[in-house]
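Dear colleague,

I am passing on to you the structure shown below, together with an account of what was found in it. Please look it over first, and then read the notes that follow beside it.

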Amino acid sequence: MSGSSYLLDALPDLAAWGLFGLALCSAIEKLVPILPSIGLFLMLGMLGIAHPVDLPAVIAVTAAGSMAGSLFWYGIGRWLGPKRGDLFVLKMVRRLEIKEEWYLRLKRNYHGHPVRATFFGQLVPVVRAYMALPAGVLAIPAPGFAIATFCGALIWNTPFLVSGYLLRQQILAPDTAAPTAIAAIILVNVLVLALLRLCRPSRSAA
């Protein structure tokens, strides 16, 4: 049995530990980024939410767990530093068959808008799993990184957790749960981008 398969089998037992177990599961998703995020949070929604009143607490603790897992890799990146960190990240992206341009583009985005890049990165499936270590390598301010990661995780986790609960209640069909959650994330993403554009000061303003 592979390591990822073993972890997937163990996650329901961890989820049975209550809110702490749910937080631990979401942290593991960031610590071991090969785990399928969509399936994980659908499962946590099915196992962790018995009643709608449970939803706010589950959303909060899973977002906190996601943030904690990201901060672990962020800390590793800070410890490695720019030179060793760049070598490590580039070796990692080659092994994962990710283009080096992805990392170079991420560096450019981070230098210009670190909080925004972190927040929106949490809404992109592959990027959200691997962006914490480069953020540490680039020494992005830790408070801004943590807050943006938590807020982004809230938006990413919530639709899947709700869909998992609806699956448990047999309100949502299994083949529509994930697409519904993804559509909700895309909609929120568009709304946030539109809000940022509306709130951006006009260049012509004095």
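**Overall make-up**

Read from one end of the sequence to the other, the chain follows the pattern α-α-α-α-α-α-α-α-α-α, and its secondary structure comes to 10 helices and 0 strands. Please bear in mind that this is a predicted model. Of the 206 residues in the chain, 42% are buried. Among the contacts in the chain with a separation of 6 or more, 74% are between residues 24 or more positions apart.

I begin with helix α2 (residues 19-31) and α3, whose axes come within 11 Å and cross at roughly 175 degrees. Because angles over 145 degrees count as roughly antiparallel, α2 and α3 are described as roughly antiparallel to each other. On the side of α2 the contact is made by Leu-22, Cys-25, Ser-26 and Glu-29, and on the side of α3 by Ser-37, Leu-40, Phe-41, Leu-44 and Gly-48. The residues of this contact of α2 with α3 divide into 5 nonpolar, 3 polar and 1 charged.

Helix α3 (residues 37-48) also packs against helix α9 (residues 142-168), and here the axes come within 6 Å and cross at roughly 50 degrees. That angle makes α3 oblique to α9, and the crossing in which α3 passes α9 is right-handed. The residues of α3 that take part are Ser-37, Ile-38, Phe-41, Leu-42, Leu-44, Gly-45, Met-46 and Leu-47, and they meet a set of residues in α9 that includes Trp-156, Phe-160, Leu-161, Tyr-165 and Arg-168. The residues of the contact of α3 with α9 divide into 11 nonpolar, 5 polar and 1 charged.

The crossing of α6 and α9 is right-handed. In this pair Val-115, Thr-118 and Phe-119 of α6 meet Gly-144, Phe-145, Ala-148, Thr-149, Cys-151, Gly-152 and Ile-155 of α9, and the residues of the contact divide into 6 nonpolar, 4 polar and no charged.

Ser-70 is found in helix α4 (residues 55-95), and with a relative accessible area of 3% Ser-70 is buried. What does Ser-70 contact once its neighbours within four places in sequence are left aside? The residues in contact with Ser-70 are then Lys-30, Ala-132, Phe-145 and Thr-149.

Val-58 also lies in helix α4, and at 1% relative accessibility Val-58 counts as buried, because the cut-off for that term is under 20%. Leaving aside neighbours within four places in sequence, Val-58 is in contact with Leu-19, Leu-22, Gly-48, Ile-49 and Leu-161. Val-58 and Phe-20 are 38 residues apart in sequence, while their C-alpha atoms are 9.6 Å apart in space.

Pro-114 is found in helix α6 (residues 114-121) and, at 23% relative accessibility, counts as partly exposed. Not counting residues up to four places away in sequence, Pro-114 touches Asn-109 and Ile-140. The C-alpha atoms of Pro-114 and Leu-138 are separated by 9.8 Å, although these two residues are 24 residues apart along the chain.

Ala-139 has its place in the loop between α8 (132-137) and α9. Its phi is near 60 degrees, which is a positive value in a residue other than glycine. With a relative accessible area of 42%, Ala-139 is partly exposed.

**Cysteines**

How many disulfides does the model contain? Taking a disulfide to be a pair of cysteine sulfur atoms within 2.5 Å, the count comes to 0 disulfides. Cys-25 counts as buried at 0% relative accessibility, whereas Cys-151 counts as partly exposed at 31%. Cys-25 belongs to the residues of α2 that make the contact with α3, and Cys-151 is one of the residues of α9 that meet α6.

With kind regards

Note on methods:
Residues numbered from 1 in each chain as written. Predicted model: local features only at pLDDT ≥ 70, side-chain atom pairs only at ≥ 80, totals over all residues. Heavy atoms only, no water. Helix = DSSP H or I, 4+ residues; strand = E, 2+ residues; numbered from the N terminus. Buried < 20%, exposed > 50% of the residue type's maximum accessible area, 1.4 Å probe, protein only. Contact = heavy atoms within 4.5 Å. Axes fitted to C-alpha atoms, helices over the stretch in contact; angles between N-to-C directions. Parallel < 35°, antiparallel > 145°, perpendicular 65-115°, else oblique. Left-handed = near helix turned anticlockwise from the far one by under 90°. Nonpolar A, V, L, I, M, F, W, Y, C, P; charged D, E, K, R; others polar.
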